[in-house]
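Let's take a friendly walk through a protein model together. Keep the picture open beside you as you read.

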Amino acid sequence: MAARRASQARPRGPTWRERWSAFVAGLRIAARWAWRIGLWAGFIAALALVSQRVWLKLQAPVSSIEIDGANRFVTAEAVRTELEPAKGQSIWSVDIEELRHRLLANGWLTEVRIERQWPDRLVVRLATHRPIAAWNEKRLLSAAGRVFEPQDRPADLELPELAGPSGSQWSVWERYTSLRPVLADVGLTLSGVSMSARGSLSLSLASGAVIHAGRESLETRLQRLLDVYPATLAGRMEQIERIDLRYSNGFAVAWRESATDKTKKEKD
């Protein structure tokens with residue numbers, strides 16, 4: 001009878017203390033998860049922020065251009081003006097090859113190298129022709145023997161005037177350098193040499209006179225003039241228009257027309 005009463009007794013529910021302990025334990029678990037989730041969220045947010053800053057830094061616009069190798073023929077100011085459109089562009093999106101070709105169009109430059117320097121700088125390295133003579137009026141001859149045609153020439157650039165058929169520039173230059181000291185010994189200044197299509201040479205002097213030397217026996221013909229120059233023509237070169245050495249036994253001199261002669265002709 002007593003056993004039947006015991007089996008019919010209702011089970012005892014958790015006490016308030018037990019419920020509170022379970023509640024607190026649940027809160028602790030929830031707090032730990034919240035902490036973990038918050039920690040990860042903060043880490044992800046920080047990572048996103050850093051990534052954004054790095055990306056923006058990588059995409060920094062060009063703000064400065066450094067130029068190495070500028071000179072009187074290609075000034076730093078002219079290069080900066082030419083490259084001005086690159087400023088403000090992302091340093092990684094600048095078309096380096098297009099900028100390089102734009103600078104090479106100048107004509108003075110033999111080489112252009114442009115490098116990106118992170119975060120916002122372009123470094124431009126230049127190499128230019130070194131002119132030694134004018135060639136066929138508008139073009140120039142470089143020390144490397146190359147003929148080039150720059151867009152602009154400095155107004156104070158004084159060069160010997162050379163002219164000749166295509167491919168003869170170095171031969172004409174060698175004639176100029178070999179004859180210049182010979183003429184300088186008697187006080188004549190050689191200002192240019194021109195070669196005709198048939199190879200005939202003409203020497204231009206600073207006085208404005210021209211010496212026609214022909215194609216053959218240049219040294220012999222010139223020596224014939226130099227032998228008598230001090231006693232006959234020295235001090236009178238301003239009055240001479242041309243000297244023709246293309247004679248077998250002598251040379252001819254053409255004198256400039258004086259103002260008196262012109263007046264006399266006009267009266268006649």
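Is Arg246 buried, partly exposed or exposed? With a relative accessible area of 44%, Arg246 is partly exposed; the label covers values between buried (under 20%) and exposed (over 50%), using a 1.4 Å probe and protein chains only. Before going on, note that this is a predicted model, where local features need pLDDT of at least 70, side-chain atom pairs count only at pLDDT 80 or more, and totals for chains, interfaces and linings use all residues. Residues are numbered from 1 along each chain as its sequence is written, and side-chain values use heavy atoms, leaving out hydrogens and water.

Arg246 has a partner: Asp244 forms a salt bridge with Arg246, and their closest N and O atoms are 2.9 Å apart. Here a salt bridge is a side-chain nitrogen of Lys or Arg within 4 Å of a carboxyl oxygen of Asp or Glu. Asp244 counts as buried, at 16% relative accessibility. By this rule there are 11 salt bridges.

Another of them pairs Glu66 with Arg121, with 3.1 Å between the closest N and O atoms. Glu66 sits in strand β1 (residues 64-68) and Arg121 in strand β3 (residues 121-128), so this pair ties together parts that are 55 residues apart in sequence. Strands are DSSP runs (E, at least two residues), and helices are too (H or I, at least four), numbered from the N terminus. Both partners are partly exposed, Glu66 at 36% and Arg121 at 33%.

Now find Trp55 in helix α2 (residues 16-58). Trp55 is exposed, because its relative accessible area is 53%.
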